[in-house]
Amino acid sequence: MHSNHLLLEEPIRMASILEPSKASFSAMSKIVGTLGPRSRSVEVISACLKAGMSVARFDFSWSDAEYHQGTLENLKAAIKTTKKLCAVMLDTVGPELQVVNKSEKAITLKADDKVILTPDQGQEATSEVLPINFAGLSKAVKKGDTIFIGQYLFTGSETTSVWLEVDEVEGEDVVCVIKNSATLAGSLFTLHASQIRIDLPTLSDKDKQVISTWGVQNKIDFISLSYTRHAEDVREARQFLSKLGDLSQTQIFAKIENVEGLTHFDEILQEADGIILSRGNLGIDLPPEKVFLFQKSAVYKCNMAGKPAVVTRVVDSMTDNLRPTRAEATDVANAVLDGCDAILLGAETLRGLYPIETISIVGKICAEADKVSNQDQYFKKTVKYVGEPMSHLESIASSAVRAAIKVKASVIICFTSSGRAARLIAKYRPTMPVLSVVIPRLKTNQLKWSFTGAFEARQSLIVRGLFPLLADPRHPAESTNATNESVLKVALDHGKASGVIKSHDRIVVCQKVGDASVVKIIELED
Ligand SMILES: Nc1ncnc2c1ncn2[C@@H]1O[C@H](COP(=O)(O)OP(=O)(O)O)[C@@H](O)[C@H]1O
Ligand SMILES: C=C(OP(=O)(O)O)C(=O)O
Ligand SMILES: [K+]
Ligand SMILES: [Mg+2]
């Protein structure tokens, strides 16, 4: 994929744009798919994995643990048959405001009419009254405030979502003027009050209950912490996970969905393992002309911190269409050029008509963008930002990337146990895939012995450029010459089998020999 590297900063021969792309290993960018009604059979999930999905998101805003368990069992079966790894992400409900439409009858709202938002959940949802799950709304809003309501995983389509303006507050009810005619479809609508503080905990009691049952049972790799607004939200979630056995290893991805989270971005980034730029909600909270600026600066900060950045809501129109709009197609490429690690698909895979095609098209756009991203510029910027003296490991990691580019290596093979070395290599955005060979370590919790490695391997599935391989735990974890050689052979065979490594290729290897970290370049004979 790196062989015909073009640079946007140099004149591109226009005709070269039309040259068909060589079939490549896969995109360096990752794809997170939200699984639901249209993407829960073994068949469809298998196709999604083959098309490039490497993380499955289970959104607990919608449906229950039993339903999600059924989907997860199918995911496990699909992983087994396709032999494609996939990590599991649990997405919390958090302080999300919802309208439950028990009857599931479509609700027609007409511009200039009035509608009442009430916390009385005993009432049916109609075009006059919409019951919501929060009693504090009337205290939080004032006349003139803007409220948005859309179908769960709204796509922004003007006919299924509605803008309201607060007209008056009557006790706990909020009376609103409808700004556009729309028909709300489905059983659940999300409500977003622009730039309003919602006084609800970031981890709700229901979230805690789900995490400590479903989450523990399934050893979830990631928590997607909806509506993270302060660093303290992440610290609290971390504290909660620390008491749940294996989940002390679960990574926390802070979802930035409103202005409050944006304001505290720097502190949140320090605490979190990664960031989800939740443009669905954030795109409503921010003035439209500011969305790109947040994206560019947040992704830059994530890159410099070496933490994964995930961008959402990229090809909403593919929920009903086989092709993205031109704007969407360009937006996906720009997200990659901005430096994001992964793209998160919502409605497109959950209830869209074309989940597999969506993943495949997004993957292809990412792969094209990968080819023209300016690695040299990025590398220099990162080295400058990190400054001197660099930590030993960071210096080794950046040198490995530099060497790999200079010798035109086809892959970097990185030995790691904690995953730290592989993440640092990814931070320097190599143009070739990184096979992160995770070496298990024996650990004990005083009750039983087990091996580390599974979490670390799956968690790299959200990092741009990383392709994990879990080494056989029978290999001793000590890095002797003999074990290094035998593990390297397994990694090379794996690389050859998957087509990234060919005979006579050069390969950069990052490993420890005794106590010393080394970067070596090998040239294959056959
Ligand atoms: N089991 C191993 N065998 C050989 N080298 C290793 C092993 N584990 C880590 N390394 C190398 O050791 C250095 C530290 O890597 P890191 O991922 O931080 O290791 P750790 O898992 O010990 O935190 C890197 O150069 C990495 O490639
Ligand atoms: C992904 C988002 O959130 P949700 O969990 O509501 O899909 C978003 O707001 O972009
Ligand atoms: K959610
Ligand atoms: Mg959201």
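Predicted model: local features only at pLDDT ≥ 70, side-chain atom pairs only at ≥ 80, totals over all residues.
Residues are numbered from 1 along each chain as its sequence is written, chains are lettered from A and ligands numbered from 1 in the order in which they are written, and side-chain values use heavy atoms, with hydrogens and water left out.

User: Which residues are the protein donors of the potassium ion (ligand 3)?

Analyst: Donors here are N, O and S atoms within 2.8 Å of the metal (3.2 Å for Na, K and Ca), and since water is not among the atoms, sites may look incomplete. The donor atoms lie 2.6 to 2.7 Å from the potassium ion, and their residues follow the spacing D-x1-S-x29-D-T. They are Asp-59 (OD), Ser-61 (OG), Asp-91 (OD) and Thr-92 (O).

User: How many residues apart are Ser-61 and Thr-92?

Analyst: Helices (H or I, at least four residues) and strands (E, at least two) are DSSP runs, numbered from the N terminus. Ser-61 sits in the loop between β2 (53–59) and α2 (65–82), and Thr-92 in the loop between β3 (87–91) and β4 (97–100). The pair links distant parts of the chain, 31 residues apart.

User: What does α12 pack against with its buried residues?

Analyst: Helix α12 (residues 355–372) has 18 residues, and its buried ones include Pro-355, Ile-359, Val-362 and Cys-366. Contact means heavy atoms within 4.5 Å. The packing partners are β1 (30–34), α1 (42–51), β2, α10 (326–338), β17 (342–345) and α11 (347–350).

User: Which element gives the most to the shell around ligand 1?

Analyst: A residue counts as near a molecule if one of its heavy atoms lies within 4 Å of it, and 16 residues are around ligand 1. β18 (411–416), α15 (420–427) and β23 (506–513) each supply at least two residues of that shell. With 3 residues, the one giving the most is β23.

User: How much of ligand 2 does the protein cover?

Analyst: Of the 13 residues that surround ligand 2, the closest include Leu-153 and Lys-255. Polar contacts (pairs of N or O atoms within 3.5 Å; within protein, one must be able to donate a hydrogen and the other to accept it, and residues adjacent in sequence count only if both atoms are side-chain atoms) reach its oxygen atoms from the side chains of Arg-57 at 3.0 Å, Asn-281 at 2.7 Å and Thr-312 at 2.7 Å. Using Shrake-Rupley areas (1.4 Å probe; for residues, only the protein chains shown count as cover), ligand 2 has 290 Å² on its own, and the protein covers 97%.

User: Which backbone oxygen does the side chain of Ser-54 reach?

Analyst: Ser-54 is in strand β2 and is buried, at 8% relative accessible area. Beyond its neighbours within four places in sequence, its contacts include Lys-30, Ile-31 and Cys-86. At 2.8 Å, its side chain reaches the backbone oxygen of Leu-461.

User: Why does Pro-37 count as partly exposed?

Analyst: Pro-37 is in the loop between β1 and α1, where it touches Trp-62, Tyr-67 and Leu-350, not counting residues up to four places away in sequence. Pro-37 counts as partly exposed because its relative accessible area is 45%.

Notes:
Expected span 1.5 Å × (residues − 1). Buried < 20%, exposed > 50% of the residue type's maximum accessible area, 1.4 Å probe, protein only.
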